[in-house]
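Keep the fold in view while reading.

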Amino acid sequence: MKYPKLLPEFSMYEAARANVAERNVRIAVSFYGKKYTFERIFRYIDLLADNLAAEFSLKKGDTVTLCAPNSPQALIAFYAANKLGVKVNLVHPYIPPEKLSESMERTGSKLLFVYDLYKGDADAFDVPVLVSNCGAFMSGAAKIYYRLTNKRTMRGGLCFEKYLKDRKSPAKTAERFGTDEPAVYLASGGTTGEPKIIAHNNYVFNNLCSKAEEFLSEPLENYTALYNVLPIFHGFGLCINMHMCMMIRATNIMCIKFNAKMSAKQIIGQKANILTGVPTMFLKLLGEKAFTEADLSNLKDVYVGGDSVPDSLVREFNAALEKGGSKARMYIGYGLTETVTVCLVNTLRHHCPSSIGYPLSNTDVRIYKDGERLPAGEVGEIYLETDQFMLGYLGEDHAPFAEIDGRKWLKTGDYGWLNEDGFLFFKQRIKNMLKVSGVPVYPSEIEDAVLSVKGVKKACAVGMDDPVRGQVVKLYVEPDAGAEESALSAEIERVCREKLIAYAVPKKIVFRGRLPVNLIGKIDRKQLEEER
């Protein structure tokens, strides 16, 4: 399908407005028993944009930070800012306040959108804070349950929902960004495992969504709903789950937090056609009778990503789909935040077992080692050329690009190999970044937190294989002489829970009288990883 209305200079707001697929699906968002039409969602977006400009003087070139789980409010806030020409810095909703402040400072944010269950204090931030009530957009029964089972932990702040009502200024027209101007900031581990903030323009999101029929198994008109559990701060969750639904007019069935039983009921009851997620999610669905014994005939495609997707998971999930009457199959894809998200993926038309995908259009893959391009079958670093590249790392001149044969290539920091047909196979991640339940976790941040604990001399965080989460954190500690290990362990756990996101808290702490070091005196991470 061609998208005649989609222009390269469109903002994401304009691309969403364009209804590029010219479809008449009415419902934009389904959220815990309540449904919202595209007309209503755009009315909220436009009202919020006007009120943000009037109340907080937001204008083109400014930045706001969005710290919230999947919710209508998060979607509305994102597109309202984008309409104004304002950059959106997306962060994990579990990020500690200290790290949130650092991210806001680095991006120059002038406003913070946060949700009611965030554990923080509005007075701790130097900018206005708008707090959304996640239950406000739910149905009556779900809203009551949400209030009974969740206590607001965000202190202070302004009520987000009141800015979705009366317009306080004349209606604003949509601003456009230049192709060299960032519209979105996403957190990443970079290609070396060090935390980075990646800048993307509007075009790469619109462009990737316009490739929908390259990876979908059926014609676009056969798709009406996508089950959205991947968070908005994730490249795939933002681009494919949220933005693609807006662009092609499909219903976004939003999930704040994955729960296998509840999610199974939503997937089946609301006739989702597309499932996307990480291995953890699909493993849990396989253990839920509400899914495995249900009619799955509405499912058309299932996509899974992550460092390692076991062949056994693909086989078992495909068997469950077939048993439920679905023609869908689980497809594995590969991408980086530096390329927005997926740029290679298995599809109905291009599929190879155990591979992590076949390139989408305008994407090429090569394998290099020691500066030499390797032939099919040989393992080396994965290099990508694509029309989905980031603008760069915020605040840094260096980016992991190489110019080869007059073309720009991304050095991914991942090892893999290609077969003769051009399918890519993942071998291992060169960088140290871990992924716990699909969420990036940075060993350097864990180690910094642990080294702040009195009695810790050295620390090294590595990944430990886990059948459910893929990886969990294993922490090696070299204590000071005379330190009491049980008390030190308890203090390390306390500090980690206070300073880190939940996924980064070590599941196992191992004390060593001396941690191994390499020839230049640094902790020998490789040796510890081999012991895991």
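Q: How many bridges pair strand β3 with strand β5 in the parallel sense?
A: This is a predicted model, where local features need pLDDT of at least 70, side-chain atom pairs count only at pLDDT 80 or more, and totals for chains, interfaces and linings use all residues. Residues are numbered from 1 along each chain as its sequence is written, and side-chain values use heavy atoms, with hydrogens and water left out. Strands (E, at least two residues) and helices (H or I, at least four) are DSSP runs numbered from the N terminus, and two strands pair if DSSP finds at least two bridges between them. β3 covers residues 63-67, β5 covers residues 109-115, and the parallel bridges between them number four.

Q: Which residue in β5 stands opposite cysteine 67?
A: Strands of a sheet pair through backbone hydrogen bonds, either parallel or antiparallel. β3 and β5 take the parallel sense. Opposite cysteine 67 stands valine 114.

Q: Which strands stand at the edges of the open sheet of eight strands?
A: The strand order is β9-β7-β5-β3-β4-β10-β11-β22, with mixed pairing. Each edge strand has a single partner, so one side of each is left without a neighbour in the sheet. The edges are β9 (158-159) and β22 (392-393).

Q: How many residues of β10 are buried?
A: β10 pairs with β4 in the parallel sense over three bridges. Five bridges join β10 to β11, and these two run antiparallel. β10 is mostly covered.

Q: What is the bridge partner of alanine 187 in β11?
A: β10 and β11 are antiparallel. Alanine 187 has as its bridge partner isoleucine 197.

Q: At what angle do the axes of helix α6 and helix α8 cross?
A: Axes are lines fitted to C-alpha atoms, for helices over the stretch in contact (heavy atoms within 4.5 Å), with angles from 0 to 180 degrees between N-to-C directions. The axes of α6 (residues 202-209) and α8 (residues 235-248) come within 9 Å. α6 is therefore roughly perpendicular to α8 (65 to 115 degrees). The crossing angle is roughly 75 degrees.

Q: Which residues in α3 meet α8?
A: The axes of helix α3 (residues 72-83) and α8 come within 12 Å. On the α8 side are Leu238, Met242, His243 and Met246. On the α3 side are Leu75, Phe78 and Tyr79.

Technical notes
Parallel < 35°, antiparallel > 145°, perpendicular 65-115°, else oblique. Buried < 20%, exposed > 50% of the residue type's maximum accessible area, 1.4 Å probe, protein only.
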